[in-house]
Amino acid sequence: MNEPLLQVRNLRVDFGRQAALRDVSFDLFSGETVALVGESGSGKSTLARAILRLVLAKQGSVEFLGLDLLRSPAPVVRTQRRNLQIVFQDPLASLNPRMSVGDAISEPLKIFEPELNAAERRQRVAAMLERVGLSAALASRYPHEFSGGQCQRIAIARAMVLHPKLLICDEAVSSLDVSIQGQIINLLLDLQRDAGMTMLFISHNLAVVRQLSHRVMVMYLGRLVEIASCDSLFAAPVHPYTRALLAAVPQIPPVAAATPLIEGSPSPGLTASGCAFRDRCPYALPLCASSDPPLTELAGGHWVACHRSHETLNPLS
Amino acid sequence: MPATLCIDELSVSFAHRTGTVEAVDGVSLRIGPAECVGVVGESGSGKTQLFLAVMGLAGNARVRGSVRFEGKELLGATAPAINRVRGSKLTMIFQDPMTSLTPHLRIGTQLAEVLVCHSGLSWAEARDVAGRMLERVRIPEPQRRLGQYPHELSGGMRQRVMLAMSLLCGPALVIADEPTTALDVTIQAQIIELLRAMRGEAGTALALISHDLAVVAGLADRILVMYAGRIVENAVAAELFRQPRHPYTAELLKCVPSLSGPRLARLPTLAGQPPQPGDALQACPFAPRCPRAADRCRTERPLLTGASTSQVACHFPLS
Amino acid sequence: MRGFAGDAIRRLRANPAAVLALGVICTVVVATLLGPWLNPNNTETLDWLHVAARPGLQNAHWFGTDRLGRDLYARTLAGTRVSIAIGLVASILSILVGVSYGAISGYLGGRTDQAMMRIIEILSGLPLIFFVIFLTVIFGRSESLLFISIGAVGWLTMARIVRGQTLSIRQQDYIAAAVASGASSSRIIARHVVPNVIGPVIVYATLTVPQIILFESFLSFLGLGIQEPGASLGTLIAEGVGEMEAAPWMLLVPGSFLAVLLLCLNIFGDGLRDALDVREG
């Protein structure tokens, strides 16, 4: 088993008095695509920003290529940023409206490869634009002249220009039209394959996640509740929340859900003690109110945070 | 049966610095009583502009054509005439529950206001009816909610309140514009379930606008597919998914990833991007991206032809 | 022309009032620079033959003369030149200092921001006139002092505006993307924050130039600014007020120059704000 590229241990982030991330721990290995799924309040975007040190973590550690990202001094962390990049949800908002597209893509080059002269930089920018499917002549244009899908390609070009080892995609295709989503996902898969890159793909769209990830992590109100290989998770989900989530996804043609729909919405107030899902869980026990189940390994690589994970829970019990 | 909503050759155009832009280009459709019609399309398809024009909310746009609701023409009608119908018999739910409710008024006030204006009830009676409607849309603790402000409710609950508001006067048609797009998957499933229940009970027609085919699949009897401001296909839902006739519909269905199909090394894609209002269009706007396009498609505009529940606007429809 | 400058210029061109205002401002500026060449009189010569003469074309005193026989045409143009110069220099000073201060304060946030804002609040609390008088007492009257004191106060509001804009920009994804790309704070402030706050800055600057000119006129009117034999619109107006009944042109000429200048700057400033604020489509 190779060394993990990214090791997150006991990460905790608070927003005021509310815990946005509680005790999150996981590993990412080189070359894999891991999906992070969850709904609002799950903390998945906060996790991405915490890893990148865009928000302050209260506790925990993030080790990337052997460097503790949270505790090392800022200039040291900055040198490692070339290997850790992010693509955001809103393509237009992630590009500086006053900077030409070429300048935006070349900025990482100016920071990390200052030895390049202007002509060499222009060449790298042109190559990157072509690689993401845009014409190199567009480098002098401004973001507002492009469509959402094109802006996302530009954002990807900017993230990839330094060939990072880890790319975090935070809902990168969620605001794009259906007919464009496939283009961008295929682009990401191509780039990943060519560069042997690791991808952390954050999404609420389970159908998309199923198509491109090796492993899936499910979050609920700031905690990881299930980690499994993609096949295992979709074929045989264990955690009641995962099962409810999969049952709730509308399908074509429509299917009657085997698991009844869960009611209500997440209650952040329950994160203080016990399992935060207990108010919506059809299988909750009194134990669930007093004790927050730890993430434990069931079979090889399949982790679940549920007191009843060893039982076979059928929809009617 | 007379149609609840009858739209004929509706066009909505805006002035743009490069000229006039057609957001909706000659759309005709019918929605019958208690029918649920899904309207799907991507950005730039004109699906939202179409129904904003129906509601008289098109702003600065120039609206041409005919919109008859329960037999009466809405376009060009006087403001009092439109206001009698809007909010009572013809209602709309918008996409963003965060901004659809007035932030500084309590929920009970906003709901009661509809009844006081349209049904002539007193404020006390109106609050009663509002409370019962909140129960019908399965909001927990309905009486408490009446006294709360919008920011105290979650997105899913706000959308239920919007639904309640739209049903208060027993409308003949509810237009729902992307009602679940801003909501989480599990909440979305609840709202879809609620809409399904509402349809059964009150016999209200529903126009469900969405970019998400799967959401529409669970609710609609009939589906209209829009592209570049025009309707390109109109079919019974089951037929549309089983055997789409317009190439755009077929390609779009291929692009929707599914939970149950095989896992693919590459996702199916549709080259190019959907045209935005203002883009130059060929006679058939889908021609540049269509795998079946021929010369005729670039020069001759395909018209929507066929029976009332099976129409397609294509020179070479799939069969 | 692409980019925001190109779009803004195009929108500005489509606004007839703003274009006209800009034209008038440019005409006035050109007149103040070239005007003296057209007329042989200068600002200081005392023409005893034509004391308090009416404006007219016959005697080369086109705008008349003042109580001392000095040509009003030359003096008005000179005065306008001084007023415009002060307005320009003070604006530039307040932009340079205000933008840097506000952007740094807004971007860094936290305790640094709090401290920097306290300083601004303290300085804002100082009564402006007393501040200028105080400086005048210490350093004596001089034109450069006038420039500095006006500019020194003008940057306060600019800094506040820029800080406010910076706070709202800071939450944008492209700032996060720049941080994630390894950019240092100074790079982010210079390349990402400042270019995106420039819009309101330019607009505010054009709208404060008239305020500054008015303030200088007021100071000079009170005797704190430009002194004899120098002229500014303020001093000319002050002299004109005294001669309002006997020689009204002494007030009307510099007064109308000031009024037209201020009006056009305000109209142009409004047009500029509309041109820079409107989003595409």
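## Domains of chain A

The C-alpha centres of domain 1 and domain 2 of chain A lie 30 Å apart. This is a predicted model, and the division of chain A assigns residues 6-213 to domain 1 and residues 245-317 to domain 2. Seven residues from domain 1 of chain A and six residues from domain 2 of chain A make up the contact.

On the side of domain 1 of chain A that touches domain 2 of chain A, at least two residues each are supplied by β2 and by α7 (206-212) of chain A. The largest share of this side belongs to β2(A), with three residues. By class, this side of domain 1 of chain A has three nonpolar, two polar and two charged residues.

## The sheet of chain A

Strand β2(A) also takes part in an open sheet of four strands, ordered β2-β1-β4-β5 in chain A, with antiparallel pairing. At the edges of the sheet are β2 (18-28) and β5 (67-68) of chain A, each of which pairs on one side only. Helix α1 (residues 44-51) of chain A packs on the sheet, where it touches β1 (6-15), β2 and β4 of chain A. The direction of α1(A) makes about 65 degrees with that of β2(A).

## Contacts between the chains

Two pairs of chains are in contact, and chains A and B share the most contacts. Chain B and chain C, by contrast, do not touch, and their nearest C-alpha atoms are 7 Å apart.

Between chains A and B, 34 residues of chain A are in contact with 35 residues of chain B. The elements giving two or more residues to the side of chain B that touches chain A are α8 (185-202), α9 (213-217) and α11 (247-255) of chain B. Of these, α8(B) gives the most, with seven residues. The side of chain B that touches chain A divides into 19 nonpolar, eleven polar and five charged residues.

## The contact of chain A with chain C

The contact between chain A and chain C takes 22 residues from chain A and 17 residues from chain C. On the side of chain A that touches chain C, β6 (84-87) and α3 (101-112) of chain A each supply at least two residues. The largest share of that side, four residues, comes from α3(A). Its residues, by class, are eleven nonpolar, four polar and seven charged.

## A helix pair in chain C

Within chain C, the axes of helix α2 (residues 16-38) and helix α3 (residues 72-108) come within 9 Å and cross at roughly 130 degrees. Because of that angle, α2(C) is oblique to α3(C). The crossing of α2(C) and α3(C) is left-handed.

From α2(C), the residues Val28(C), Val29(C), Ala31(C), Thr32(C), Gly35(C) and Pro36(C) meet Ala74(C), Leu77(C), Thr80(C), Arg81(C) and Ile84(C) of α3(C). The residues of this contact between α2(C) and α3(C) divide into seven nonpolar, three polar and one charged.

Definitions and conventions:
Residues numbered from 1 in each chain as written. Chains lettered and ligands numbered in written order. Predicted model: local features only at pLDDT ≥ 70, side-chain atom pairs only at ≥ 80, totals over all residues. Pairing = 2+ DSSP bridges. Axes fitted to C-alpha atoms, helices over the stretch in contact; angles between N-to-C directions. Nonpolar A, V, L, I, M, F, W, Y, C, P; charged D, E, K, R; others polar. Parallel < 35°, antiparallel > 145°, perpendicular 65-115°, else oblique. Left-handed = near helix turned anticlockwise from the far one by under 90°. Domains from an automatic or database assignment.
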